[in-house]
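The tour goes from one selection to the next.

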Amino acid sequence: MRITEKVVAASVFAMLAGCSLFGSKDAKNQPAPLVELKNPTLSPKTVWKYSVGKAGNAVFTPAVVGDSVYVADAGGALVRLNAATGKEIWRIKTGTDLTAGVGSDGDVVVVGGVKGQILAYDTNGKQLWKAQATSEVLSSPEAGGGLVVVRSVDNVITGFDAKTGEKKWNVTRTTPALTLRNAPGMVIAAPNAYIAQPGGKLLALALAAGQQRFEVVVGEPRGATELERVTDIAGTPVIYEKDICAVSYQGRVACFDVATGAPKWSKAASSDKGVAVDQRFVFVSDDKGAVSAFSRENGANAWKNDKLTFRALSTPVSYGRAVAVGDYQGYIHFLSREDGAFIGRVATDGSPIQADPVIAGTNLIFQTQSGTVTALAVE
């Protein structure tokens, strides 16, 4: 996790102790050793693996649509896989290095290229159009409702026609002096697009013309210095039934009414990753490596596992009776959904897992920074 200044980033990238991808050099913040699993009750099996290519400094989260998984890498590869078998359906070179992806609604597949290029393809890998964002794109473009929505790092949100690439609207939001250099996510649920914002805000825009539906505060900036006041929303907001939930850095985890933005509950939390939501719980992996579960109904603390401190955890995912989360060494940890106890573990390729895990049918899919896409299942 990095912090970047609105205009000049390089001088402030390392300002947060303990937030390095590979743990801090501070002896107090060394990654916790792996807890020995004496009697694991869950035995994940690898269904398939696929090597797409390295992510570099970017984060590429797979997109699952129907029976397909779309993956990409920093070198410009874009791939469609069969979600059940991992078989390659097609693999193309986009012709440019990539910085963000993948977004898809089942009709269009979109990635972000260097210098803010937006590249759209059909489901057969044929390029449909190319467009230009106002600056670098780190957040995965999102497709839905006939539009492709893109957020660039200057916090300009643009809606493009999904078929033609024609710009339909754009919305410019202010950006605090210091922000996390991460990929705040978006989610489309017609008729709205919901966009995570720096400064701890969650913005809902009408897809049709980009008008603001509502804006709610997830994390309130606090502290005397700009660094202490960084409270960007981390990861991608999650919609579950009538709720939309999100978490901010140095702020809160909170759920709101997805239609009106009316608050349901909020609790103190700090994360530079996103949330996972299921019928009963909201799960957060915080910036110190603890994984916590909150009641989706009222935010009550259900449990907390603090045995993975400073292991640079990924966004968690609810998967059957488990909650799964990746770490900086490529391990995937399975915790009990009910009490947070360790119930299983599997290794991947030894490189960090920063992308959000996704579920495709009965398979749980992780993509590492070295480009190994692994599909797991539990018998």
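Which residues have the most contacts inside the largest nonpolar core? Select F60, A72, L78, V102 and V111, which have the most contacts inside this core of 16 residues. A nonpolar core is a set of buried Ala, Val, Leu, Ile, Met, Phe, Trp, Tyr and Cys residues joined through side-chain atoms within 4.5 Å; buried means under 20% relative accessible area (1.4 Å probe, protein chains only).

This is a predicted model, in which local features need pLDDT of at least 70, side-chain atom pairs count only at pLDDT 80 or more, and totals for chains, interfaces and linings use all residues. Residues are numbered from 1 along each chain as its sequence is written, and side-chain values use heavy atoms, with hydrogens and water left out.

Next, show the contacts of L78 (heavy atoms within 4.5 Å). Leaving aside neighbours within four places in sequence, the partners of L78 include W90, I92, V102, V111 and Y121.

Now turn to the aromatic pairs, of which the whole structure has six. Rings of Phe, Tyr and Trp (its six-membered ring) pair if their centres lie within 6.5 Å; planes under 30 degrees apart count as stacked, over 60 as edge-to-face and the rest as tilted. Select W129 and F160: their ring centres are 5.9 Å apart and their planes at 35°, so this pair is tilted. W129 is buried at 5% relative accessibility, and F160 is buried at 3%.

Move on to Y194 and F214, a tilted pair with 6.2 Å centre to centre and 50° between the planes. Both residues are buried.

Finish at F281, F283 and W303, which form one aromatic cluster.

Terms used: Buried means under 20% relative accessible area, exposed over 50%, partly exposed in between (1.4 Å probe, protein chains only).
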